[in-house]
Amino acid sequence: YREMLVETLRKYQAYNKKPASKTLLAKLIYLADFAWFYNELKPMSGMKYRRLQYGPVPDQFFRIVDEMVDRGELNLEIIPPAAGKKSPAQKLSLSDDLSAEPVQYLSQKELSLIDEIVKKSKDDTVDEIVNFTHNQLPWQVTRPNEFIPYELITQEEPENVY
């Protein structure tokens, strides 16, 4: 999962030349994980995603991000709330050391899927991606705070997987 996070952020920064919000990053990783299941009938990470207010996310996401920030692997920037928003944005970027870290666990096919998802979503706002995940079947049929079964994504229309 850590490597999925790093590769997703690496691709996002390559396409957008800016840091990604925590929420955006979590959603892109979710899309990759569930799209992988859609195609391969097995998850990429094996993490359990919970239906939270802003979309599907594994419980470990916040702990992993915090640990990586504490170790200096990720840079965290707090941006004051935008107009109409209540809380500040938390933007993540890769540290210089992590930017060059080689891939060890993800296959070329997995990396290609992450790239395809990030590239397709590169111009979307956080709200657009959150709304996209909220319109997916797995989100809609799972109750708040419950785990979302990967199998539900196989009932989604192909164009709604990512």
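What radius of gyration would a compact globule of 162 residues have, and what does the chain have?

**Figure 1. The overall size of the chain in this predicted model.** A compact globule with 162 residues would have a radius of gyration near 15 Å, and the chain has 15 Å, so the two agree. If you follow the C-alpha trace along its principal axes, it spans about 40 × 40 × 25 Å.

Figure 2. Take the contacts in the chain with a separation of 6 or more: 68% of them come from residues 24 or more positions apart. As for cover, 44% of the 162 residues count as buried.

**Figure 3. Surface and charge.** The chain has an accessible surface of about 8,800 Å², and carbon and sulfur atoms contribute 49% of that area. Its side chains include 21 positive and 25 negative ones, with the centres of the two sets 3 Å apart.

**Figure 4. Confidence, with helix α4 and helix α5 in view.** The mean pLDDT of the chain is 94, and 100% of its residues reach 70 or more. Among the elements, helix α5 (residues 108–121) has the highest mean pLDDT, 98. Helix α4 (residues 96–99) has the lowest, with a mean of 78. A friendly reminder for any model of this kind: where pLDDT is low, the predicted coordinates should not be read in detail.

Definitions and conventions. Residues numbered from 1 in each chain as written. Predicted model: local features only at pLDDT ≥ 70, side-chain atom pairs only at ≥ 80, totals over all residues. Heavy atoms only, no water. Rg over C-alpha atoms; globule rule 2.2 N^0.38 Å. Buried < 20%, exposed > 50% of the residue type's maximum accessible area, 1.4 Å probe, protein only. Contact = heavy atoms within 4.5 Å. Areas by Shrake-Rupley, 256 points an atom, 1.4 Å probe, with all protein chains shown as cover. Lys, Arg positive; Asp, Glu negative; His and termini not counted. Charge placed at Lys NZ, Arg CZ, Asp CG, Glu CD. pLDDT = per-residue confidence, 0-100. Helix = DSSP H or I, 4+ residues; strand = E, 2+ residues; numbered from the N terminus.
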